[in-house]
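Let's take a friendly walk through the pockets and salt bridges of this protein. Have the viewer open as you read.

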Amino acid sequence: MDMFSVAVFGVYIFWSDRAHANGSIKRGYKNNAVDAVTMRTHLGVNLKGVKVFNRAREIGTNICTKNNGGCQQLCLYRGKGQKTCGCSYSVLAEDSVSCRDYDGYLLYSERTILKSIHLTDETNLNPPIKPYEKPEYFKNVIALAFDYRRNTRGTNRIFTSDVHFGNIQLINDDWTGRRVIIENVGSVEGLAYHKAWDALYWTSSTTSTITRHTIDQSRFGAFDREIIVAMSPDDHPHVLALDECHNLMFWTNWNEQQPSIMKATLNGGNVQVIVSTDIFTPNGLTIDHRAEKLYFSDGSVGRIERCEYDGTHRYAVLKSGPGTFFGLAIYGDYIFWTDWMQRSIMRCDKYTGGEIKVLRSDTAHQPMGIMVVANDTNNCELSSCKIMNGGCHDLCLLTADGQVNCSCRGERMLLDDNRCVAKNSSCNIHTEFECGNGDCIGYHLACDGIVHCKDKSDEKQSYCANRSCRKGFKHCYNGRCVSNAKWCDGV
């Protein structure tokens, strides 16, 4: 016991114990405190004073006694007739009186309880939403998914898989409306939500399958527990991530002989192995939609990596040594993960692996799934390549920080205006434009509103709307490129 502070009220005595359960508040009878009750746990080892506030103890007038001081939730008396409004599990609105929900937060599972962490203020240890713990419903929650709809419905939908009950549940993040969606699903360790189709995708290591199911079964064309990928008994699909814009899904495979990361289309077609070398136990998997990059963790070697959607350009973001990374999430410039060995929630810079910080430590249970509940977490429309192909003529690729990086397929080369031409092209790469059929026209004629190429490629909107002019040309307000020699020539 490490008792720091004591308070007495009524028949009870209250005290803080920094050595119990990572900082706790206890209560016992003041004449015999043997059968003490633990009221709060995991408040941190820096826990200090305990004080009792009760109306019966207050003397004098208090502006908060009348209509709660005009505050929606908490009225905090400051003395001399002054007060400040506050909010519990929400943030004070601009009017300084009412409360509104946080726009986003980090949510994670400790098997039997769901907890949250602030995204914008890591020093604020008060959770942005109230923890949820119901042993009759949650026994071993592994995977999490969400449907962000705070802007339209007021609450978000949270989906959970519980391997003890073998079911998938739905609950709003104000902890109302809980219900079981699907039962008898086995060990589901990967869960993802497709917003456009209102459908859940999940992996089952029990049956070595990936299944999808529409939440609203009255919806036209609803999926009803449709198995879209069936693998061999040696395969164990684990974590799952979706990219709705590219019609792709990715998952980790815990095949003992051939562990890998795989991908397929959202209907289960074109199954491919994209990462199969120097990988052992791929635990976490998430997508950075803004940069169109995969991030995955390997607990056996304590490493977090980044790669392209085809598995190329692997880069080790973090090398911490053997550990037990489990869940993985990404938001803004940071990667978040759950660590079994340290029983902690951690984060680091997604580019360099630096700025490592422990957000929560010594959790009561092993932290499992983790996700960032926000409007733009799973929004693949944020990719710069979604707008007119990023101004690229052929391939629009993205750097790690989401900047457009145009490229060309095959043996073609990239010109200054991000257009691709054959290396043996007969067109002058400085003064001419190569049509899609190989014909050559003057470069100044491209994007002038008049079709000159037989295949109309010189007026292709995806090219003209975002192109940059080649060296030796200046860009006009109407989108045309004019030779420097004709600039300010009086015509």
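## Salt bridges and pockets

Asp 147 counts as buried, at 4% relative accessibility. This is a predicted model, so please read every value below as computed from it. What does the side chain of Asp 147 meet in a salt bridge? The partner is the side chain of Lys 195, at 2.4 Å from N to O. The two come from distant parts of the chain, 48 residues apart: Asp 147 belongs to strand 12, while Lys 195 sits in the loop between strand 16 and strand 17 (199-204). Lys 195 has a relative accessible area of 44% and is partly exposed. The pair also belongs to a network of salt bridges that links Asp 147, Arg 157, Lys 195 and Asp 198.

In total, the structure holds 16 salt bridges. Here are three of them, side by side.

| Salt bridge | N to O distance |
|---|---|
| Asp 147 and Lys 195 | 2.4 Å |
| Arg 212 and Glu 226 | 3.0 Å |
| Glu 122 and Lys 357 | 3.3 Å |

For Arg 212 and Glu 226, the link runs from strand 18 (residues 209-214) to strand 19 (residues 226-230), and the two residues are 14 apart. Arg 212 is buried at 7% relative accessibility, whereas Glu 226 is partly exposed at 31%.

Glu 122 has a relative accessible area of 18% and is buried; Lys 357 is partly exposed at 31%.

The largest pocket holds about 1400 Å³ of space. It is lined by 39 residues, and Arg 40, Thr 41, His 42, Leu 43 and Pro 127 are the closest to its centre. Strand 4 (32-40), strand 10 (113-117) and strand 31 (357-360) each give at least two residues to this lining, which is made up of 17 nonpolar, 14 polar and eight charged residues.

The second largest pocket has a volume of about 800 Å³. Which residues lie nearest its centre? They are Phe 146, Ala 192, Tyr 193, Thr 377 and Asn 378, out of 43 lining residues. Several elements each supply at least two residues of this lining, including helix 1 (150-153), strand 16 (190-194) and strand 20 (237-243). Strand 12 gives the most, with six residues. By class, the lining of the second largest pocket has 24 nonpolar, 13 polar and six charged residues.

Methods:
Residues are numbered from 1 along each chain as its sequence is written. This is a predicted model: local features need pLDDT of at least 70, side-chain atom pairs count only at pLDDT 80 or more; totals for chains, interfaces and linings use all residues. Side-chain values use heavy atoms; hydrogens and water are left out. On a 1 Å grid over the protein atoms alone, a cavity is a set of points where a 1.4 Å probe fits but cannot get out, and a pocket is an open set with protein on both sides within 12 Å along at least five of seven lines; lining residues have an atom within 4 Å of a point. Grid points are joined across faces, edges and corners, and a volume is the space filled by probe spheres set on the points. Helices (H or I, at least four residues) and strands (E, at least two) are DSSP runs, numbered from the N terminus. Ala, Val, Leu, Ile, Met, Phe, Trp, Tyr, Cys and Pro count as nonpolar, Asp, Glu, Lys and Arg as charged, and the others, Gly among them, as polar. A salt bridge is a side-chain nitrogen of Lys or Arg within 4 Å of a carboxyl oxygen of Asp or Glu. Buried means under 20% relative accessible area, exposed over 50%, partly exposed in between (1.4 Å probe, protein chains only).
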